[in-house]
Amino acid sequence: MTVVDMQNRIEEILEDKGWSRYKLSKEMGVTDTQVKRLLERKTYPNLQTIVSVCRAFDMTVGDFFSFDTSKTYGTNLTPSDMDLIEKKHRLERRKVERLITYADILLDMQIYDPEQLEE
């Protein structure tokens with residue numbers, strides 16, 4: 001999960017709970033300005049901030065970092081689609097780039113696959 005993903009996740013939870021930035025700041029024990037700067041991407045969340053956010057939202061850090069693929073990607077995904085997406089999200093950026101290259105190669109090979117031509 002990237003920094004932007006974390007900030008988006010905080011905004012998503014705020015919306016789901018119907019909370020304002022002010023409410024979150026009070027629950028976290030920080031100023032409204034600190035939360036505003038975080039959500040406007042003027043500061044980046046560190047581990048301590050994420051833990052404070054999770055405590056304020058009464059959720060575990062694991063729950064914070066889990067995501068609902070149906071919200072993010074739509075509801076037309078199969079279980080194997082969701083499995084692939086979740087695995088991709090756990091990879092380092094360099095490995096994601098390799099995965100995309102590999103998928104491109106597989107797709108190129110599919111074009112020249114004699115079995116595909118017979119169908």
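**A close look at helix α2**

Guide: In helix α2 (residues 21–28), the buried residues are Leu-24, Ser-25 and Met-28. Viewed down the axis of α2, they fall within an arc of 100°, so they line one face of the helix. The arc is taken from the directions from the helix axis to the C-beta atoms. Buried means under 20% relative accessible area, exposed over 50%, and partly exposed in between (1.4 Å probe, protein chains only); helices are DSSP runs of H or I with at least four residues, numbered from the N terminus.

A word on the basis: this is a predicted model, where local features need pLDDT of at least 70 and side-chain atom pairs pLDDT 80 or more, while totals for chains, interfaces and linings use all residues. Residues are numbered from 1 along each chain as its sequence is written, and side-chain values use heavy atoms, leaving out hydrogens and water.

Back to the helix: the cover over the buried residues of α2 includes α1, α3 (32–39) and α4 (47–57), contact meaning heavy atoms within 4.5 Å. Turned away from that buried side, Tyr-22 and Lys-26 are exposed. After α2 comes Gly-29, with a positive phi near 80°.

Lys-23 has its charged end over the ring of Trp-19, 5.0 Å from the centre; for this, NZ of Lys or CZ of Arg must be within 6 Å of the ring centre and within 35 degrees of the ring normal.

Methods
Helices (H or I, at least four residues) and strands (E, at least two) are DSSP runs, numbered from the N terminus.
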